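Visitor: Please walk me through this structure. I would like to learn how to read its features one by one.

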Amino acid sequence: MYSCGPTVYAPAPTVLTRPAGAGEALCVLDVEGMCCKGCAGKLHARLLEQPGVQLAAVDFDAGRAEAVVEEGVEAAELASLLTFEKYTARPHTARPHTDG
């Protein structure tokens, strides 16, 4: 168990235990503001409370959250859900690879 403020949270899984299946999609978010693994647990719990979220993982070290969601749930919705208090989330976009 990890604490984040006065509340204690169960550890968040750092990777998803299965890929998105039929009728589901994968949402990946970049998250700023986490200062400990308790924060990851807090964000994980918040994701799982959201209708349409089937499975979630939050990686404190990578600053990333992933969720398997029902089709129709938008990454921007989840980013808004995780943007509160000291946290800021945004949909992950792959950065182009540059040589040199």
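Visitor: Is Arg18 buried, partly exposed or exposed, and what is its relative accessibility?

Guide: This is a predicted model. Arg18 counts as partly exposed because its relative accessibility is 35%, and the range for that class lies between 20% and 50%.

Visitor: With which residue does Arg18 form a salt bridge?

Guide: A salt bridge is read from the distance between a side-chain nitrogen of Lys or Arg and a carboxyl oxygen of Asp or Glu, with a cut-off of 4 Å. Arg18 is bridged to Glu24, and their closest N and O atoms are 2.8 Å apart. Glu24 has a relative accessibility of 17% and therefore counts as buried.

Visitor: How many salt bridges does the structure hold?

Guide: There are four. Another of them joins the side chains of Asp30 and Arg64, at 3.8 Å from N to O. This pair links distant parts of the chain, 34 residues apart: Asp30 is in strand β3 (residues 24-32) and Arg64 in strand β5 (residues 64-70). Asp30 is buried at 11% relative accessible area, whereas Arg64 is partly exposed at 29%.

Visitor: How do β3 and β5 pair, and over how many bridges?

Guide: Strand pairing is read from the bridges and their sense. β3 and β5 are antiparallel and share seven bridges. Within that pairing, Cys27 has Ala67 of β5 as its bridge partner. β3 is also joined to β6, again antiparallel, by four bridges. There, Val31 is partnered with Ala89 of β6.

Visitor: Which side chain meets Lys42 in a salt bridge?

Guide: That of Glu85, with an N to O distance of 2.5 Å. Glu85 is exposed, at 63% relative accessible area, while Lys42 is buried, at 13%.

Visitor: What is the phi of Glu85?

Guide: The general idea comes before the case. Most residues other than glycine have a negative phi. Glu85 is not a glycine, yet its phi is positive, at about 45 degrees. Its place is in the loop between α2 and β6.

Visitor: Which residues of α1 are buried?

Guide: In an α-helix there are 3.6 residues a turn, so residues three or four places apart point the same way. The buried residues in α1 are Gly38, Cys39, Ala40, Gly41, Lys42, Leu43, His44 and Leu47.

Visitor: How many helices and strands does the protein chain have, and in what order do the elements run?

Guide: The protein chain has two helices and six strands. Starting from the N terminus, the order is β-β-β-α-β-β-α-β.

Visitor: What share of the residues is buried, and what share of the contacts joins residues at least 24 apart?

Guide: Of the 100 residues in the protein chain, 40% are buried. Taking contacts between residues at least 6 apart in sequence, 68% join residues at least 24 apart.

Key: Residues are numbered from 1 along each chain as its sequence is written. This is a predicted model: local features need pLDDT of at least 70, side-chain atom pairs count only at pLDDT 80 or more; totals for chains, interfaces and linings use all residues. Side-chain values use heavy atoms; hydrogens and water are left out. Buried means under 20% relative accessible area, exposed over 50%, partly exposed in between (1.4 Å probe, protein chains only). Contact means heavy atoms within 4.5 Å. Two strands pair if DSSP finds at least two bridges between them.
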